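Please read the points with the structure open beside you.

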Amino acid sequence: MPIQVAQEDRVALVTVDRPERLNALNTQSLQELLATFERLASDSSVRAIIVTGAGDRAFIAGADIAEMKDKSPSEALAFARLGQAVCSAIEAAPQPVIAAINGYALGGGCEIALACDIRLASETAVLGQPEVALGVPPGWGGTQRLPRVIGPGLARELIYTGRRVRAEEALRIGLVNAVYPPAELLERARALAAEIARNAPLAVRLSKEAIRRGLDVDLAAGLALEAQAFALAFSTADQREGMSAFLEKRSPEFRGA
Ligand code: HXC
């Protein structure tokens, strides 16, 4: 099975496990990844998700070039849509998703990372959109999400040149949030996930949805979304618990309701 899922406490760890292909994604792994995120989306015991790659060389080295090479245009369209559906499922997952980028995150691998809420990288990480060197443009959201994350000027440069970016540069340009020694990466991702998991889960979900949907609309529409999300939280027990706990000077016990 190319996709492994483990759950510890309230955090799911999703590992792309094709190390002999540097975790390149073929149709089977994309379908499994999609099914995994669809399942995790409806699992309320999961408060945060980490995505990483097996082995110490790659997060995901992109789409599987061997599988892609002989596709017809209509097969390529289906393949682009399948990878886009995976990225959209990650982006729309109710729980925050953290990419633990433990090596190469190229092409489709960079696009999967871009669909995650938070990107953490190891010092050995290398990111980029090298598709034009293979004769194609990015196909799983790179032309849309990279400009939204690092701005259109730099995104254009990286996509037109296909240049690979090392961890330190990725940090400087805002492509990743933090860089850690390889041996610490997963531990740091787990600590961040645990920090998120301690908070009121519905409030975190409402925040994620307001950010995600707000990025696609104008400010006034985004503020309207935010006000609705804020009001909706007042129908939850966790809102009363969180505010009562503060006033009673104790730790809140959130139930996710
Ligand atoms: C298929 C891949 C692969 C990939 C690596 N491998 N990346 N197979 N698809 N994307 C395989 C290699 O063929 C090789 O198999 C084995 O993994 C180890 O890789 P090496 O190349 O020997 O390792 P190294 O020399 O260290 O180079 C690492 C690398 C290089 C720089 C990451 O493998 C590389 O450039 N890979 C391709 C990266 C890329 O262009 N990604 C974008 C793909 S396009 P063997 O059998 O020789 O051991 C894309 C489009 C998405 O993602 C949108 C689609 C619609």
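**Notes on the predicted model**

1. Two domains. The C-alpha centres of domain 1 and domain 2 lie 27 Å apart. The assignment for the protein chain gives domain 1 as 3-197 and domain 2 as 201-247; such bounds come from an automatic or database domain assignment. Across the boundary, 16 residues of domain 1 are in contact with six residues of domain 2. Contact means heavy atoms within 4.5 Å.

2. Ground rules. This is a predicted model, in which local features need pLDDT of at least 70 and side-chain atom pairs count only at pLDDT 80 or more, while totals for chains, interfaces and linings use all residues. Residues are numbered from 1 along each chain as its sequence is written, and side-chain values use heavy atoms, with hydrogens and water left out.

3. Main core. In soluble globular proteins, nonpolar side chains tend to be buried together. Here the largest nonpolar core has 49 residues. A nonpolar core is a set of buried Ala, Val, Leu, Ile, Met, Phe, Trp, Tyr and Cys residues joined through side-chain atoms within 4.5 Å. Buried means under 20% relative accessible area, exposed over 50%, and partly exposed in between (1.4 Å probe, protein chains only). F37, F59, I101, I112 and L127 have the most contacts inside this core. Helix α3 (residues 73-92) gives the most to it, with six residues. Helices (H or I, at least four residues) and strands (E, at least two) are DSSP runs, numbered from the N terminus.

4. Which residues does F37 touch, leaving aside its neighbours within four places in sequence? The contacts are V14, I49, V51, A89, I90, A93 and V97.

5. Helix α4. This helix (108-115) is mostly covered, with eight of its eight residues buried. They are G108, G109, C110, E111, I112, A113, L114 and A115. I112 is also one of the residues with the most contacts inside the largest core.

6. Largest pocket. Rolling a probe the size of a water molecule over the atoms shows where empty space is left. About 670 Å³ of space lies in the largest pocket. The search uses a 1 Å grid over the protein atoms alone: a cavity is a set of points where a 1.4 Å probe fits but cannot get out, and a pocket is an open set with protein on both sides within 12 Å along at least five of seven lines; lining residues have an atom within 4 Å of a point. Grid points are joined across faces, edges and corners, and a volume is the space filled by probe spheres set on the points. The pocket is lined by 27 residues, of which A63, M68, E131, L134 and V136 lie nearest its centre. α2 (65-68), α3 and α4 each supply at least two lining residues. The lining divides into 16 nonpolar, four polar and seven charged residues. Ala, Val, Leu, Ile, Met, Phe, Trp, Tyr, Cys and Pro count as nonpolar, Asp, Glu, Lys and Arg as charged, and the others, Gly among them, as polar.

7. Second largest pocket. This one holds about 540 Å³ of space. Of its 20 lining residues, E91, D117, I211, R212 and L215 are the closest to its centre. By class there are nine nonpolar, two polar and nine charged residues. α9 (201-214) is among the elements that supply at least two lining residues, and its six residues are the largest share. Domain 1 and domain 2 each provide at least three residues of this lining.

8. The cavity. How many cavities of 30 Å³ or more are there? The count comes to one. α9 gives the most, with three residues. This lining, too, draws at least three residues from each of domain 1 and domain 2.

9. Two backbone angles to check. L22 is in the loop between β2 (11-16) and α1 (27-41). Its phi is near 50 degrees, a positive value in a residue other than glycine. L22 is partly exposed, with a relative accessible area of 21%. N23 is in the loop between β2 and α1, with phi near 60 degrees, again positive and not glycine. N23 counts as buried, because its relative accessibility is 0%.
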